[in-house]
Amino acid sequence: MSLAPGGLMLLVGAPLLLMVLCLAAALAWGVLDHPLSLMVAVIAAGAFLLAALLGLYWLRQAAARAAVLRAVVEAVPDALAVAGEDGRVLVANGAFSALAHAAGSARVADILAHHCREGADTQRLRDLDGAVRRGEGGEAFVVFVDDAPGQPAGGVARPVPRLVAARPLAADRPGLSEWRVRSGGAVPVPGSHPWRELWDLAPLGVMLVDGSGTLLRVNLTLADWLGHTRDLLEDGSRHLRDLLATPPQGELFPERLAGMAEVELAAARAAPLRASVLHVASSPGGSLVFLGDLTRETAREEELRRAEQRFQRFFQFAPTGFAFVDGEFRLAECNPTFLTMADLRLGDVQGEPIASLFQPEHRANLLARLGEVLEGRQPAGAAGGMGTPVEARLRGASGAVVHVYSRRFDGEGDGDRGLILHLVDMTAQKNLEAQFVQSQKMQAIGQLAGGVAHDFNNLLTAMIGFCDLLLLRHKPGDQSFSDIMQIKQNANRAANLVRQLLAFSRQQTLQPRVLSITDVLAELSNLLRRLIGENIELRMLHGRDTGLVRVDQGQLEQVIINLAVNARDAMPKGGRLTIVTGNLHTTEPIRHETEEMPPGDWVVVEVIDTGIGIPPENLQRIFEPFFSTKEVGSGTGLGLSTVYGIVRQTGGFVFVESKPGEGAKFSIHLPRLDDKAAQAAPAEEARDKAAADLTGMGTVLLVEDEDAVRVFGARALRNKGYTVLEARSGEEALDLLQGERGGDVDLIVSDVVMPQMDGPTMIEQVRRFRPDVKVIFISGYAEDRFRHSLKDGAVVDFLPKPFSLKQLAAKVKEVMEGAPRTGA
């Protein structure tokens, strides 16, 4: 402790200056011839000289006292400092000055906090500073980790526990406080408050051992780690070696323990506890050993590692695409799902603009939305605060449609910012939506086609029927015969068009019959040539003795037409369409992709084109409903699925072979009829062609709301010998059946769709009083349209419109003369 040079000069120079002034005054007074001037001057000079001598003596005494105080402060082994009212250092010894020099601060609490970790230790020092300012004082147990006293110069700092004590200096010196940091000297033995409380509440394991390594004291933390009571550990029989799971060879003293960075404690539980040796403070009274729990730290690190692994797995295997985009909208990181959606590799796109991964027409909208989110102008939506998504299509080969959700993130203090993108693959949903729209369109078209076909069938029935009536009076050679035949032939052509409409709407009546594939294709060839156009050559190669098959002719024609249309679309610049027929006999199953055809005899129809071919990835899907490679609006996606369904329903198989650029070949395999069925077919066909006797007897009730159809049907049946009763509606038919002539009716021929009461409803009521009456339904709709409305067990026959006079007469005679039927 010392005075500043300026203070010393002031203390000595002030009396001397005053003395000089007094002498000057006396001399001046003498000049004025005052009688006492000389005496006064001498006395004043002597007085002030005496005062100067006393000041010099006092200064020597103060300097001596300061030297003694400085010697006492420096002799203290701890770091010691005296602080003023503001907590700043007034006086400090060399040990504390070293701490203050390292910290570069004038506040005692800040100087000490500089050497501790942020957290509980720095808070304890602040609390101690506040207590001293209130005149209370106290102690704080802290751990120095930076430039701690006793650390080797240039070495790696190790944690050193320290006790910091602070108290007011004296009652007569208010505001001054003494701060002491314990370093070296005798280690205080914990025994009384507050040491015992600090000792037990310390987050470290602390033990006191003597020079031979015998355990003297432990805190509660260490006793808890070891799984023993403190009394058991402090009974004097425990040695430092007993605490270690694997003690080293030779004698174990505390000084040797100080050279170990890590030890394993023999805990009462199964697993040893790993601990780090933080510090060993030795003194004549014993050594304090401070231990840190590495097991818990390792467990925390393991839990952190597992959490990182869980996040990594979530990030890597999430079904949603994740991407991190910087402030310049460049891709920084993404998960594999994102790369799979984009059909790219991370090395190819990392650092690239995110917009370049999307198709050009979607980039502007995407960048506009990302800019709004980055600038905070896009309000958060309901999707977890991610806002409203942007729909865009990736530019990869798959062309995935995704919903892009975005959210801004800011860097931690570095000013960096960017976006987190979530990409949800909407391709399947969009396909389903498109299929639903297509299905609705197809349903609407089907309903329209069915309604148009029904009305046309009524008109065509009348046209064909009256032509047949005219042909009864105009035989070949008659001048009008050719005109009537022209009308009938065109009506039949119109009937074929209506049948195709019904096939398109899948409302046709299934009527399988024995057919020759060669004959069907010969009749269909003219239509096929018109369908495929003039720039495509049509070739038909028929095998010899091609077998017969039992199929619905309309369905088979639909199959061939669909395949021909697909072949035409695959040859936009022209080409050749070849249709080949033949027989196939197999003794082993034939497997093609996922289909396996059993051995047997088959009739094969091959449709071969020279078009662009089918990519391998599409071969597995071409028969799926609504799957189409054509542009939107250019195809329904139902053509090949209909082909597959018809062929499989008939008991056959359809295979496809194709390579890109080499055309495609569709092979249809239909079961070939055996000899017995093949021999019966000509007889059946002969019966159809023969001018059989179609006359008959009995009473027929004809119920039809279309006048032209009813008039034609009544005249046709009367010409064949039947008694015909006519009714325009279901109600009129019921009245007639319940009248006088109702009991004479042997057969009811009724339209299905009629105003007010339809045919099935009428027949249901008729069955109540005439359960044995025979019924033939006629309709322009498919048979399936009304079958579901009949009660179980109802027995009816069906004749689809349009029908000819011959077909009507043949059906009526078949039902009139047939045995009673037991099912529909």
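I started at R407 and looked for what sits across from it: I420 in β15 stands opposite. The two strands involved are β14 (residues 401-410) and β15 (residues 417-425), which run antiparallel and are joined by nine bridges. A reminder to myself that this is a predicted model.

Next I traced the sheet around that pair. I got an open sheet of five strands with antiparallel pairing, in the order β12-β11-β15-β14-β13. Which strands stand at the edges? They are β12 and β13 (390-393); each has a single partner strand, so one side of each is left without a neighbour in the sheet. I also noted the twist, which averages 30° from one strand to the next.

Then the backbone. Most residues other than glycine have a negative phi, and most peptide bonds are trans, so I went looking for exceptions.

F329 came up with phi near 65°, positive though the residue is not glycine. I found F329 in the loop between β11 (321-326) and β12 (331-334). Buried or exposed, I asked of F329? F329 counts as buried because its relative accessibility is 19%, and the cut-off for buried is under 20%.

D545 is another non-glycine residue with a positive phi, near 55°. D545 sits in the loop between β17 (536-541) and β18 (548-551). At 67% relative accessibility, D545 counts as exposed.

Last entry: the peptide bond from K801 to P802 is cis, with omega near -5°. I placed P802 in the loop between β29 (797-800) and α25 (805-817).

Key. Residues numbered from 1 in each chain as written. Predicted model: local features only at pLDDT ≥ 70, side-chain atom pairs only at ≥ 80, totals over all residues. Heavy atoms only, no water. Helix = DSSP H or I, 4+ residues; strand = E, 2+ residues; numbered from the N terminus. Buried < 20%, exposed > 50% of the residue type's maximum accessible area, 1.4 Å probe, protein only. Pairing = 2+ DSSP bridges. Axes fitted to C-alpha atoms, helices over the stretch in contact; angles between N-to-C directions.
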